[in-house]
Amino acid sequence: MTWVSLRGGGIKIKQTKTTIDEVASKAGVSKTTISRYLNGHFEFMSEETRKRIEEVVETLGYRPNNLARGLKSNKSGLIGAIISDITNPFFAIVLKGIGDYCQRKGYQIIIANTDNEPELEKKYIQSLIDNRIEGLIVNSTGQNIDYLLSLQEQGLPIVLTDRALPELKFDTVTSNNFEMTTQTVQYLFDVGFQRVAFFTEETNWSSSRHIRQNAFLHAYQLSKKVDAHDLVYIIDNSNPKSIVDALQRFRLTGETNKQAVMAVNGVTLLNLLQEIRKLNLTMPEDLGVCGYDDMGWATLIPPGITAISQPSYMIGVESAKMLITRIMGKRRKAKPKLLELPSELILRGSTSLLR
């Protein structure tokens, strides 16, 4: 069913949820028959009735409230995990932490990758609910918050992992992004770099990117007392040319060789290093380099890459622990909690510039 309202001269269509009573009335059968159909019990049901119900369900777009049914029924032992980009090694480690803790507590996880697409995120959440998950861990796109809040109000425990909201609406586990970014930029100035650039993808709805960018600007202001917005370079990780162009613009606008670049995450850092190598730049003489996520390859690339090591595994563990605590009812009505786990700056040769 739909209803139309006029606002500001435009037409807005809103959807109202179809009820089982409406389906039964349209199909000319009882609610019990509709319930039997939805549960796959077709005994003593004619083929004609079955087809009629199927057509009505499809026409009305009826979707049973699987969330309410699942919460009232026996426990499923399933937990949903929504990840924005499963190709990012950081999230692979987070998922391992989630999976290991859930397994120890007798739960299994169902994983969905959204590719940072809000529509996919909502679709997968609905699919997970159809599988009667007991709780949900979300690395959110940030554009389905109202939907997530409605699920939480219905009784579904939800935890946000890595990405936080401006207002604390859900239990959230992340790392101390602002503190570590500030500390890293201050370190670069302390060892003698005079200009520092920040390479990032579009922040979009990623709170971690947004917080790190703001921390970079804050740290620059503290150390140099200038506006560093021109030193934030938005690049496209799928387009190497955008990285090369940004590197060349940064280096050409400086009057000193004592320049360094900080990458917003591990994927950006690796792509940045690949283009630096193609340009035959040496580290740290031509360019100091550092960034988020201390991956195994950081020690293999001469002279070693300075990186912020996030507690990725423990972010996953703590996310699962928070969720299962909610599921077990120990904090079901408690206010949302934010847990920021400490990261560590690992110093290597790529930033070992002396004054």
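A: Glu275 and Lys278 both lie in helix α11 (residues 266–278), three residues apart, which is about one turn of the helix. Helices (H or I, at least four residues) and strands (E, at least two) are DSSP runs, numbered from the N terminus. The model is predicted: local features need pLDDT of at least 70 and side-chain atom pairs count only at pLDDT 80 or more, while totals for chains, interfaces and linings use all residues. Residues are numbered from 1 along each chain as its sequence is written, and side-chain values use heavy atoms, with hydrogens and water left out.

Q: In what do the side chains of Glu275 and Lys278 meet?
A: A salt bridge is a side-chain nitrogen of Lys or Arg within 4 Å of a carboxyl oxygen of Asp or Glu. The side chains of Glu275 and Lys278 form one, at 3.4 Å from N to O.

Q: Are Glu275 and Lys278 buried or exposed?
A: Buried means under 20% relative accessible area, exposed over 50%, and partly exposed in between (1.4 Å probe, protein chains only). Glu275 counts as buried because its relative accessible area is 5%. Lys278 counts as exposed because its value is 58%.

Q: How far apart are the closest N and O atoms of Lys96 and Asp100?
A: They are 3.3 Å apart, and the two residues form a salt bridge. Lys96 and Asp100 are four residues apart in helix α5 (residues 89–104), so about one helical turn separates them. With a relative accessible area of 48%, Lys96 is partly exposed.

Q: Which residue meets Arg348 in a salt bridge?
A: The partner is Asp294, with 2.9 Å between N and O. This pair links distant parts of the chain, 54 residues apart: Arg348 is in the segment after β14 (344–346), and Asp294 is in the loop between β11 (288–292) and β12 (306–309). Asp294 is partly exposed at 26%. A search of the whole structure finds ten salt bridges.

Q: Where is Thr182 found?
A: Thr182 is in helix α8 (residues 177–190). At 8% relative accessible area, Thr182 is buried. Leaving aside neighbours within four places in sequence, Thr182 is in contact with Ala215, His218 and Ala219.

Q: What is the peptide bond from Met283 to Pro284?
A: That bond is cis, with omega near 0°, and Pro284 lies in the loop between α11 and β11. The bond from Pro302 to Pro303 is also cis, with omega near 0°; Pro303 is in the loop between β11 and β12.

Q: And phi: what is its value for Asn116?
A: Phi of Asn116 is near 60°, a positive value in a residue other than glycine. Asn116 lies in the loop between β4 (108–113) and α6 (118–130) and is partly exposed at 31%. Arg132, likewise not a glycine, has a positive phi of about 60°; its place is in the loop between α6 and β5 (135–138).

Q: How many helices and strands does the protein have?
A: There are twelve helices and 14 strands. Of the 355 residues, 48% count as buried. Among contacts with a separation of 6 or more, 67% come from residues 24 or more positions apart. The C-alpha atoms fill a box of roughly 85 × 55 × 35 Å along the principal axes.

Definitions and conventions. Contact = heavy atoms within 4.5 Å.
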